[in-house]
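These are my notes from a first pass through the model.

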Amino acid sequence: MIIPDFDESTHEYRVDGKRKASVTQILDIMGLVSPFAKSDSHASRGTRIHRILELHDLDKLNHDWLDDKEIACIKYWDQFKSDFNLDWIGVETRFYNPELDYCGTVDRIGRELIVDIKTGTIPKSAALQTAGYAMGVSDDPIGLERLAVIINPRKHKSYKLGKPMKDPGDFLEWQNIVNEFHRRMNEHGDS
């Protein structure tokens with residue numbers, strides 16, 4: 001697997017110095033991300049929760065600076081992991097798919113499983129997003145179980161699991177979206 005360079009301040013992926021589009025950027029440009037998901041407050045809250053859970057899973061989290069809602073997020077996350085007997089082989093794993101020329105970061109990779117963490121709702125585009133992730137990290141993406149889980153103590157008293165994403169057609173649809181994205185970028189000279 002090719003690991004791209006990533007600049008957190010600009011949220012840019014690069015491979016051999018060349019800027020590459022990410023799964024979420026492709027979905028956004030193709031009109032598949034809701035305006036709510038892109039709002040500054042939603043995005044910053046999601047980024048913070050993702051970072052807290054990442055540090056927690058890597059045993060690098062200083063719990064002293066967390067508020068009650070963030071502590072609840074950890075509790076819900078730990079309950080999810082316990083309920084499904086999960087341990088991770090990848091935490092916030094960056095990848096580059098050279099065949100389709102895109103990058104991304106998978107929230108969690110387990111044995112035969114990828115998990116996408118959400119802090120709001122699970123959008124319809126999650127199936128395509130996780131298909132893109134699976135195609136970036138596995139030689140057998142259809143063999144991976146794809147899950148999305150909501151960790152949001154403002155709305156729920158525990159984690160909320162989305163429906164497992166099992167449609168193999170998601171992979172073909174994702175490929176078509178990526179190909180159309182590249183066609184549009186080439187048309188506009190943005191590649």
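**Entry 1: helix H4.** I began with H4, residues 68-83, which has 16 residues and reaches 22 Å from its first C-alpha to its last, close to the 22 Å expected at 1.5 Å a residue. Helices (H or I, at least four residues) and strands (E, at least two) are DSSP runs, numbered from the N terminus. The expected span of a helix is 1.5 Å times one less than its number of residues.

The model is predicted: local features need pLDDT of at least 70, side-chain atom pairs count only at pLDDT 80 or more, and totals for chains, interfaces and linings use all residues. Residues are numbered from 1 along each chain as its sequence is written, and side-chain values use heavy atoms, with hydrogens and water left out.

I looked up which residues of H4 are buried, and found Glu70, Ala72, Cys73, Ile74, Tyr76, Trp77, Phe80 and Lys81. Buried means under 20% relative accessible area, exposed over 50%, and partly exposed in between (1.4 Å probe, protein chains only). At the start of H4, a side-chain oxygen of Asp67 comes to within 3.1 Å of the backbone nitrogen of Lys69. After H4 comes Asn85, with a positive phi near 50 degrees.

**Entry 2: helix H6.** I checked the span of H6 (residues 169-187): its 19 residues should span 27 Å, and its end C-alpha atoms are 27 Å apart. Its buried residues are Asp170, Phe171, Trp174, Ile177, Val178, Phe181, His182 and Met185. Seen down the axis of H6, they fall within an arc of 130 degrees, so they line one face of the helix. The arc is that of the directions from the helix axis to the C-beta atoms. On the face turned away from the buried side I found the exposed residues Leu172, Asn186 and Glu187.

What covers the buried residues of H6? The cover includes H1 (23-29), S5 (102-110), H5 (126-137) and S7 (145-150). Gly189 follows H6 and has a positive phi, near 70 degrees.

**Entry 3: cores.** A nonpolar core is a set of buried Ala, Val, Leu, Ile, Met, Phe, Trp, Tyr and Cys residues joined through side-chain atoms within 4.5 Å. The largest one has 23 residues, and Val23, Ile26, Tyr102, Ile114 and Trp174 touch the most other members. H1, S5, H5 and H6 each give it two or more residues, and H6 supplies the largest share, six residues. Apart from this core lies another, of 22 residues, among them Leu55, Leu66, Cys73 and Leu147.

I then listed contacts of Tyr102 beyond four places in sequence; they include Ala21, Phe95, Met135, Trp174 and Val178. Contact means heavy atoms within 4.5 Å.

**Entry 4: the sheet.** Five strands form an open sheet in the order S4-S5-S6-S7-S8, with mixed pairing. S4 and S8 (160-161) stand at the edges with a single partner strand each, so one side of each has no neighbour in the sheet. Two strands pair if DSSP finds at least two bridges between them. S4 and S5 pair in the antiparallel sense over seven bridges, and Val91 stands opposite Arg108 in S5.

**Entry 5: two residues.** Ser9 sits in the loop between S1 (5-7) and S2 (12-15), and is exposed, with a relative accessible area of 68%.

Methods:
A polar contact is a pair of N or O atoms within 3.5 Å; within protein, one must be able to donate a hydrogen and the other to accept it, and residues adjacent in sequence count only if both atoms are side-chain atoms.
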